[in-house]
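This briefing is meant for a reader who is meeting the structure for the first time.

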Amino acid sequence: MSPSKLDSTASFGHGDASVSCSKTENGFVDSLSLFHSEKAVEELLQQTPVEGMDEHLIEFSEALRTVAKALRRAAEGKASAQAEAAEWKRRYELERTRNIQMERKARIAERFSAEHNGDIDCGRLKYSDNQLMQQNEPEEHSEKDCMKHGICSHEVLRDRESESNSNIDCNKMMRKASFKLSWWCKGENGDQHKHDIVSFEKGNITTAERSSRQISLKWESDPQTVLIMTKPNSVSVRILCAQMVRWLKEKKKINIYVEPRVRVDLLTESSNFNYVQTWEDDREISLLHTKVDLVITLGGDGTVLWAASMFKGPVPPIVPFSLGSLGFMTPFYSEHFKECLDSVLRGPISITLRHRLLCRVIRDAAKNEYETEEPILVLNEVTIDRGISSYLTNLECYCDNSFVTCVQGDGLILSTTSGSTAYSLAAGGSMVHPQVPGILFTPICPHSLSFRPLILPEHVTVRIVVPFNSRSPAWASFDGKDRKQLAAGDALLCSMAPWPVSTACQVDSTNDFLRSIHDGLHWNLRKTQSFDGPRDL
């Protein structure tokens, strides 16, 4: 890819290093260009010595430095131009999305009005739905707030009109359960609207009193459809799943979706489970978020990751039951599933908004940064490592348009704050509250005494490039799967995804987080100091 080529080339000659030196700092000097420079100097030295040879070498060295600086300035200018072009494109897409949203809302209002008056044309609705689907393909999240102090359900889940809706009876149109998210604070006298309010009175910058910023979900209509996802190859999970399906259908009259293998297991156990629904292909999976109001996971953190990966866009709220090992994201216990689900379905409930990373691989042959492979969403982390190679990983890292460093070691972890207690923790990264928006930048066994982990703000785009002087390719894995090879010149772009994963809390997000690190990791567990002994007078 041309930007990475320019960056690699532009890194030659940084600082005041001589062209004849062999050691450089963190890849700032392009070793390939340096090799050609040294070869040229050797050819000059092999010629017949002439008077003033030292002066010629000095002039030649200065010329090389000048060329390197010019190349670096050109690379920086190109990167700045590309960033400006990307920003203009983002603004254009945002404006276009707003116009489509307004037109879509107007058409939906017209349709509901016609339905209410009993004068509805099914053929016209079908044509309108198909046209809306075509227009909404590139649609992003609308930035308009539907209420003054909260987050509406369509900001987390978009109710896109699908082609399958045209096959539904026009007089019996089913809609997903709607909900709203609001800031919740302790105490009846607390002011929940006082958060992140900045004032500039009399030239002074001050912030108002903040609330606990705990997010609460309140159903505006009753949930109708639930998706249950289970850990495979577990007898206890299979038994619990059957009990839960039966209870939800008989007591709550809820429609139930399960994975195809789970439906086979249920029908094998009893033919009475024929009301359970599933999907057949990827197209139906892509439409799940338009049908499902709530997701229930029976397993550990891996089951939550699997459930989140099923949704390439908006994700319904997840209620995770702990049937795994550690359970950082699974606060509910299966022994009390009836009480837990009854409380969740009744609402309101506290939730944790877990941010995801949007990862894109750009090959060296790509013409621009928009020519990428299919984006991948990760809830924990993306890992770039050396794979089976015995050589150090060599990675150039950029944050927006700024050069960060060159990683030389076993690899690098880009993690969400939800993934801060996973691989990043094992590599020396800090544990971070999952609702803190940020990207963890954690090296894996760096060959350096001063390489410490970083936490970057959530609005940046991190670009990892495999330079052309790397001795071996790198390998990227996304939440521990979907492994991809990154050859020389390839790049990986990571930014914060607009679709978070909302998980239900047993108490609240902070209480659940602290309980998980105490119970799961035995954080700061030691014997208490004896009270008898020397004392200060």
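Buried residues, meaning those under 20% relative accessible area with a 1.4 Å probe and protein chains only (exposed is over 50%, partly exposed in between), make up 44% of the 537 residues in the protein. This is a predicted model, in which local features need pLDDT of at least 70 and side-chain atom pairs count only at pLDDT 80 or more, while totals for chains, interfaces and linings use all residues. Residues are numbered from 1 along each chain as its sequence is written, and side-chain values use heavy atoms, with hydrogens and water left out.

**Overall make-up**
- The protein has eleven helices and 23 strands, taken as DSSP runs numbered from the N terminus (helices: H or I, at least four residues; strands: E, at least two).
- Among contacts (heavy atoms within 4.5 Å) between residues at least 6 apart in sequence, 68% join residues at least 24 apart.

**Confidence**
- The average pLDDT, the predictor's confidence in each residue from 0 to 100, is 78 for the protein, and 73% of the residues score at least 70.
- Over residues 154–173 pLDDT stays under 50, and the model has 51 contacts beyond four places in sequence for them.
- Over residues 188–196 pLDDT also stays under 50, with 17 contacts beyond four places in sequence.

- Leaving aside neighbours within four places in sequence, Ile296 is in contact with residues including Ile228, Met244, Leu248, Phe321 and Leu341.

**Aromatic rings**
- The structure holds five aromatic pairs, in which rings of Phe, Tyr and Trp (its six-membered ring) have centres within 6.5 Å, with planes under 30 degrees apart counted as stacked, over 60 as edge-to-face and the rest as tilted.
- Trp247 and Phe337 form an edge-to-face pair, 6.1 Å centre to centre with 85 degrees between the planes.
- Trp247 lies in helix H5 (residues 235–252) and Phe337 in helix H9 (residues 337–346), so this pair ties together parts that are 90 residues apart in sequence.
- Both Trp247 and Phe337 are buried.
- The rings of Phe273 and Tyr275 have centres 6.3 Å apart and planes at 55 degrees, so the pair is tilted.
- Phe273 is buried, with a relative accessible area of 2%, whereas Tyr275 is partly exposed at 26%.
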